[in-house]
Amino acid sequence: MAPIARLLLLMLLSAALSISSGSGDGFSINGRVRIPQGLGTKGFALPGKTSNVKVILNGGQIVTYLRPDGYFSFQNIPAGTHLIEVAAIGYFFSPVRVDVSARNPGKVQAALTENRRGLSELVLEPLKDEQYYEIREPFSIMNVVKSPMGLMMGFMVVVVFLMPKLVENMDPEEMRRAQEEMRSQGVPSLASLLPGGGRN
Amino acid sequence: MAIRSFLLFLLCFYSSLSPVLSLYEDQVGLMDWHQQYIGKVKQAVFSTQKTGRRRVIVSTEENVIASLDLRHGEIFWRHLFGSNDAIDGIDIGLGKYVITLSSGGSILRSWNLPDGQMVWESFLQGPKHSKSFLLVPTNMKIEKDNAIVVFSNGGLHAVSCIDGEVLWKKDFEAESFEVQKVINPPGSDLIYVVGFAASSQFEMYQINARNGELLKHESATFSSGFLREVSLVSSDTIVALDSTGSILLTISFQNGEISFQQTPISNLYEEFSGPAVIIPSSVPGIFAIKTNAVTIFIRVIGEGKLEVVEKTNHEIAVSDALPISEGQQAFALIQNAGSEIHLAVKLAHDWDTNLLKESIKMDQQRGLVHKVFINNYIRTDRSHGFRVLIVMEDHSLLLLQQGLIVWSREDGLASIIDVTTSELPLERDGVSVAKVEHSLFEWLKGHMLKLKGTLMLASPEDVAAIQSMRLKSSEKSKMTRDHNGFRKLLIVLTRARKLFALHTGDGRIVWSHLLRSLHKSEACLSPIGLNLYQWQVPHHHAMDENPSVLVISRCGPSSDAPGVLSFVDTYTGKELSSVSLSHDVAQVIPLPYTDSTEQRLHLLIDSDKHAHLYPKTSEALNIFKHEFSNIYWYSVEGHNGIIKGHVLKCKCTGDMAKDFCFDTRELWSVVFPSDSEKIIATVTRKLNEVVHTQAKVIADQDVMYKYISKNLLFVATVAPKGSGEVGSVTPEESWLAAYLIDTVTGRILHRVTHHGAQGPVHAVFSENWVVYHYFNLRAHRYEMSVIEIYDQSRADNKDVWKLVLGKHNLTSPISLFSRPEVITKSQSYFFTHSVKAIAVTSTAKGITSKQLLIGTIGDQVLALDKRFLDPRRSVNPTQAEKEEGMIPLTDSLPIIPQSYVTHALRVECLRGILTVPAKLESTTLVFAHGVDLFFTQLAPSRTYDSLTEDFNYALLLITIVALVAAIFVTWRLSERKELQDKWR
């Protein structure tokens, strides 16, 4: 029972992959590129515009374009393992490995090479859309505050306004003690602040 | 410790930022420019319907099909076919589809005329290869379907115009049948296929266009044979030449009856001598033959009678016939006469009257007219007007109308062979004084706008104003040298033997020059441009001289054809001189020596292994003799897998004995076994690359010394089976070997084999590392590997005491003959895309970190930090390595969309990437060329040595003013407070 089921599955797969033995000297690979509508709305290629999408076999051996419905086909392909790449501005497509078997023309496989995911049918979808430009962040107060200038200003504000307040709130006796302590220790040298200065 | 960790944090913070080159969308066009071309036009079809925009569809030799605006010459849309998918024919079907036939007639595609979307694609198969013809009859209907008739692969196909279905097919089995014309007489349902079989047989097939049924097949024999070109003079008559090229044959096949008429050319033209050729055309009643630079127009007057109508010595170009009204056909004839071209539009049956006769002044640098296409329009007074599209010798495309050049396109730039750069003239006092800022108010206004822009307060109009202000800034397109070295001239040699100088600021053409010395002549039949070299770069001694470049070319396609040298001034584009060589040029070696006028010495090696020195001056000879024994070079013989090293021996002996010719001697050779290895790539370092330091400080204060030698050669070989395309071999029978070879001694310093790998290999060599890209058949992904080579002999120089006491070997002479102690480190990573070209950024002093520039299959250029290709990367870097900025190892290289230097643009058919250092250390100039051109500036480690273009000077000023004001205010306040305290 199990082998039969596997055979059935295999047949189903091959039918969906639509790699057929063409007339004459080779096979043909038929597939489809589908760009989901959700993607690419802020991209550079207009959504659904497929006229500039190229489908490339084996690094430039054959280049073809898409029909309006997204289908493409390669003819006269010899048996073997092939690589299909899709070049579309604004989208990142994984190359696809396609095996065309000569011995039994039905047995074929396709898999994305980026994540090794097998494809049951040759429908190529972008893995992600590509944003070629940095996006300018809108003006906000937080950005100014976070910038080095802003931090400097913030520190100055703290020193100018909060420090006197702290000094004022201090107990006068405690203050006197602290001052005396400092006098007895001497002025802290710069060296003691540096790393390694503590060692000597 | 805290400070240390803080520093570490900062470092990590910056290193995480730095790989991103990042460009804001409104910065496009600020530093970069992009130009789109199509190549030399092969065929043009006009689409001038009353509705819609007027356009012309062209197919080119770069396998481009494009729709151009007839008013301005701009590209509406454009598609580039694969490199072996040459376009055989184009036409317009049903007024809304562009039909293209390509790949030797096996692929028929239909494109939507307004937007260039492919509508259908059809594959035509047949028994054999043959010439292919595309015919789109205007009103041939088969079952309500408009049909396209295609002859290709030895069969005649009728294809539906709507969906590309093959309606019927007729194969021509006859083995030797060579089709010459496929004719569909207007208004009839018949198709005639005529051609030659064997060498002396004329064949005619008459076919019913509705169903492909063969109605009649006739053949006739003409004993002395035919030349292959024919000219169609009416729908049932063709003119051919006999095999000697001296007798004209008028072949008529009216009603399926073949009849010959012979006319010796000498009967028509007394001075005739030597063979003639037919200029292929299809003008009814008229044809042209060419003999000994004389072109003769001959009219056919019924029943095979011929009559000479005109003889001309000028080079001519004839268009096809254009039906203008009922029964009338017009054609355009262009004669080149020196600096002018004479355009005549005539009616096909009336030679003597001209519908139009114009003389147009033509730029001499465009050469001769090669092709003419004619189109007509109806003027307001109902008379006919004509516009003519011409293709020139330099591949440019021009539209002529009413005696004027309406627009022109420099499409020669689509086929660049070689690129070099040249400095611009220095800015001299009084020559071009820097313009004082127009007015303070304008300046302030500009900066206020910019401020608004950065604070995101600008309205869309303001944004547009900022954009245009930035683009207009004249600073970048000045014709003088600038302080930062951003402004240069790109000197470009195209396949049309034309030199262009492009300004790096905005990409405009500064001058262009068609090389006269490479003109077709008796001595030099088909000259081909090969290479460009910098001949003279005035630096210190010869400041008053203009820089010049050396153009090397040869007469003819075979590699042993004699060479031609031309020297071109890069400021003016004038050809200073040219030399026709008696020997061929197999290899050119620019030597690192210059004479007193800063002319660089070049050594030209011919195929007999003689070396010729240029320039041929005694001074050059003296310099050369001094360095005679220090000159080594190598040659790669790819076909038999041998790499040889050579050295100079003595002056030429034998009859070639001259002062500037030298015999050479083979020093070493590396022979690769031909049954297991085939050389597919060799790469060396760029000659002008600057290396900042030999030492590389690695984590834990250790130092490694880079093995830096100008004489390293990277060679990649593959199994002979695996030299084909991806997918042609199994992993078991393919491997790739990478070698590092010293080209002075022939010593193999390193060899590594990648099993299950396959070409094509693209590699780049810089400093002490090489990066190469190949295909891994086991994982079925592309891979990139890096090899770094380090010098071990100086590894023990780390001890300070040794340096102090002088016990180091830093001053010991480096000789390539001593066995180098080197170690190599390498690592491999997956890379997603196929690659068309790889380059590396180069900067003036070599301090700035490097980026790889990878031209991907999608015709984009990706910048990838060299840090990603560091063989010391590991999965878990130690704390020290992290501090150094090492990236944890990943199995594949990241593709960050923001680091595409071409951002959202494509450089169609990318062929090469050139990087040139600017004077500013942080910046490198990048020029990518293919059918399109793209130029930009890159700062691989950001512009650390200058303020960026969008630095806000106004904000700085305002801050300073505000601070000063604050000081005054607080001073006053504190004074007042003090006073109050005193009063208290």
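# Exercises on salt bridges and the A–B interface

In this predicted model, B:E637 and B:K644 form a salt bridge whose closest N and O atoms are 3.3 Å apart.

**Exercise 1.** Describe the salt bridge between B:K488 and B:E423: is B:K488 buried or exposed, and how far apart in sequence are the parts that the pair ties together?

*Solution.* 
1. The closest N and O atoms of B:K488 and B:E423 are 2.8 Å apart.
2. B:K488 lies in strand 37 (residues 488–494) of chain B and B:E423 in strand 36 (residues 416–423), so the bridge ties together parts that are 65 residues apart in sequence.
3. With a relative accessibility of 5%, B:K488 is buried.
4. B:E423, at a relative accessible area of 25%, is partly exposed.

**Exercise 2.** How many salt bridges cross the interface of chain A and chain B, and which residues are linked in a network with A:K54?

*Solution.* 
1. The search of the whole structure gives 36 salt bridges over all chains.
2. Three salt bridges are found across the interface of chain A and chain B.
3. A:K54 forms a salt bridge with B:E908, at 2.9 Å between the closest N and O atoms.
4. A network of salt bridges links A:K54 with B:K836, B:D859, B:R906 and B:E908.

**Exercise 3.** Describe the contact between chain A and chain B, and state which strand of chain A gives the most residues to the side that touches chain B.

*Solution.* 
1. Chain A supplies 48 residues and chain B 56 residues to the contact.
2. The two chains bury about 4,600 Å² between them, with 52% of this on carbon and sulfur atoms.
3. On the chain A side, A:Y133, A:E134 and A:R136 lose the most area to chain B, together 17% of what that side buries.
4. There are 16 residue pairs in polar contact across the interface.
5. Strand 3 (54–57), strand 4 (62–65), strand 5 (71–77) and strand 6 (80–87) of chain A each supply at least two residues of the touching side.
6. Strand 6 gives the most, with six residues.
7. The residues on this side of chain A comprise 20 nonpolar, 17 polar and eleven charged.

Note on methods. Residues are numbered from 1 along each chain as its sequence is written. Chains are lettered from A and ligands numbered from 1 in the order in which they are written. This is a predicted model: local features need pLDDT of at least 70, side-chain atom pairs count only at pLDDT 80 or more; totals for chains, interfaces and linings use all residues. Side-chain values use heavy atoms; hydrogens and water are left out. Contact means heavy atoms within 4.5 Å. Buried area is the accessible area (1.4 Å probe) that two parts lose on being put together, summed over both. A salt bridge is a side-chain nitrogen of Lys or Arg within 4 Å of a carboxyl oxygen of Asp or Glu. A polar contact is a pair of N or O atoms within 3.5 Å; within protein, one must be able to donate a hydrogen and the other to accept it, and residues adjacent in sequence count only if both atoms are side-chain atoms. Helices (H or I, at least four residues) and strands (E, at least two) are DSSP runs, numbered from the N terminus. Ala, Val, Leu, Ile, Met, Phe, Trp, Tyr, Cys and Pro count as nonpolar, Asp, Glu, Lys and Arg as charged, and the others, Gly among them, as polar. Buried means under 20% relative accessible area, exposed over 50%, partly exposed in between (1.4 Å probe, protein chains only).
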